[in-house]
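Keep the viewer open and follow the headings in order.

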Amino acid sequence: MIDVSLEQVCQAVNGELIESTEAGKATMIHSVSTDTRTVQSGALFVALVGERFDAHNFCHQAVEAQASALLVERKLDLNITQVVVEDTKLALGQLSAWVHAQCEVPTMAITGSCGKTTVKEMVASILQQRGKVLFTAGNFNNDIGVPLTLLRSEPSDDFAVIELGANHIGEIAYTTQLVKPQVAVVNNVAAAHLEGFGSMDGVKQAKGEIYQGLSAGDTAIVNLESNGGAYWEKVLADKSVLTFSDVNSEADYFADEVELNEQGEACFTMHTPQGDIAIELGIIGQHNVANALSAAALSIQFGASLNDIQIGLKNLNSVKGRVEVQQLSEQIKLIDDSYNASVPAMKAAAKLLSSFKGQRWLILGNMAELGDESLALHRQVGEYAAPFAFEHVLTYGDDTKVISEVCNGIHFATHQAMIAHIEQQLSLPNNASHTLLVKGANSAGMSKIAAALKENFS
């Protein structure tokens, strides 16, 4: 983060500066924190307020950690400089947008129902062939995470790659307005977070908000196979639109000659307006072909060459819990995709598992926030997976029971029971190879299954 004076903070957030009575009081801020456990000397601590917490109650800990100032909604009886605003969350966004704007970094924004983190990692890997890249860490993609990412901006950054997530209408409109990208993509549109969006139409509306943050003539990248259709026509009318597709040669960016190697990694020919190139992905799953096309389309807008794309996509770093492959033993391979789940992601996982030989284990936790459609969407996943005739289908979570019913699998009421069953089966003497794929929503806690397997069989 760039150094910022307290006067600049006040101007950026329209706040009231209440100075400390201490001699030698600080006038510069070197970092920003919303967590007292990460406060460093010279930091501005932002006291956020939520439904179940009020960080104003912990500001004394920030003082003890030698913070230079507080961003608060009311003056506190603490001897430290304070900037008082009406809403600290909105002020955090205002400050982050101001800091990012000072650095004048070419910026792109990425959203979508699934795959957006993978695309972000792909783009970062590609653009790192060209220079220094600021990109979203982990899943810092909401109305708190995006500002914290922008606050990491520095003038030495050559590119900024910002991921935007949402679980309700209006959230992406807000974060896009902070990011102010020159290029944006909706990676796809699918049934996810339906409780917040209300319907698929709500998903289309919410995801399309990212394009509203583009100025006329800026570049909007659209998935030809999964998009908002008529919902986006008006907002895209004055944008430069590029398309990608993993199956349709009418798209600006498309793939053909797709094959999976023995590790499940896709090899294919990528066709772009700049020419064609042979691609070998460094992560597994045919579904990542579309993600790679999306990443290539984004990266080329910021000057990436076909060679940059080829190298960047080959040398990807795996993201914990996202299609992370680990050979636990000579006979047991784990595909840990436990981070999150949506209908298309569940189907992609089943298709990926089908490409492996030996005993194939589809181990699923429930998908979350699907509202009244939840049972029907879980059944849809089961009906998609059933023809693959997996040797083992295990499920956990209320609505996943229908998947076991459709696939002749076993449903478990607890993680412990599921882990015990897997361990018992894998301990039986045989020479078969086993590939276990673990997936589910964060709330399903399927990372516990993956962790137990790693501990007991590696």
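## An aromatic pair across the sequence

F159 has a relative accessibility of 9%, so this residue counts as buried. Keep in mind that the coordinates belong to a predicted model. F302 has a value of 14% and also counts as buried, since the cut-off is under 20%. Where do F159 and F302 lie? F159 belongs to strand β10, residues 159–163, while F302 is in the loop between α10 (288–301) and α11 (306–314). The pair therefore ties together parts that are 143 residues apart in sequence.

The structure holds 4 aromatic pairs. In the one formed by F159 and F302, the centres are 6.2 Å apart and the planes make an angle of 15 degrees, a stacked arrangement. The rings of F388 and F390 are tilted instead, because their planes stand at 35 degrees, with 5.6 Å between the centres.

## A cluster of rings

Which residues do ring pairs link into a cluster? They are Y384, F388 and F390. F390, by contrast, is buried at 8%.

## Helix α1 and the residue after it

Now turn to helix α1, which spans residues 6–13 and has L6, V9, C10, A12 and V13 as its buried residues. Why do these residues share a side of α1? They cover an arc of only 165 degrees around the axis, which puts them on the same side of the helix. As background, an α-helix has 3.6 residues a turn, so residues three or four places apart point the same way.

Just after α1 comes N14, with a positive phi of about 55 degrees. N14 takes this value although it is not a glycine. The residue sits in the loop between α1 and β2 (16–18). With a relative accessible area of 70%, N14 is exposed.

## Another positive phi

If you are checking backbone torsions, E257 is worth a look too. Its phi is near 55 degrees, a positive value in a residue other than glycine. Where is E257 placed? This residue is in strand β14, which covers residues 253–260. Is E257 buried or exposed? At 60% relative accessibility, E257 counts as exposed, because the cut-off for that class is over 50%.

## The second largest pocket

Which residues line the second largest pocket? The lining consists of T34, L48, V49, G50, F53, A55, K89, N142 and I144. Sorted by class, this lining has 5 nonpolar, 3 polar and 1 charged residues.

## Domains

The protein chain is divided into domain 1 (4–85), domain 2 (104–315) and domain 3 (324–457). How many Å separate the centres of domain 1 and domain 2? Taken over C-alpha atoms, the separation is 35 Å.

V406 is in helix α14 and counts as partly exposed at 26% relative accessibility. Its C-alpha atom is separated by 8.7 Å from that of A385, a residue 21 positions apart from V406 along the chain. N408 is placed in the loop between α14 (401–407) and β21 (410–412). At 74% relative accessibility, N408 counts as exposed. The C-alpha atoms of N408 and E391 are separated by 9.5 Å, and the two residues are 17 residues apart along the chain.

The remaining distance involves K207, found in helix α8, residues 200–212. Is K207 buried or exposed? K207 counts as buried, because its relative accessibility is 2% and the cut-off is under 20%. Between the C-alpha atoms of K207 and A348 there are 21 Å, for residues that are 141 residues apart along the chain.

Technical notes. Residues numbered from 1 in each chain as written. Predicted model: local features only at pLDDT ≥ 70, side-chain atom pairs only at ≥ 80, totals over all residues. Heavy atoms only, no water. Buried < 20%, exposed > 50% of the residue type's maximum accessible area, 1.4 Å probe, protein only. Helix = DSSP H or I, 4+ residues; strand = E, 2+ residues; numbered from the N terminus. Arc of directions from axis to C-beta. Phe/Tyr/Trp six-rings, centres within 6.5 Å; stacked < 30°, edge-to-face > 60°. 1 Å grid on protein atoms, 1.4 Å probe; cavity = no way out; pocket = protein on both sides within 12 Å on 5 of 7 lines; lining within 4 Å. Nonpolar A, V, L, I, M, F, W, Y, C, P; charged D, E, K, R; others polar. Domains from an automatic or database assignment.
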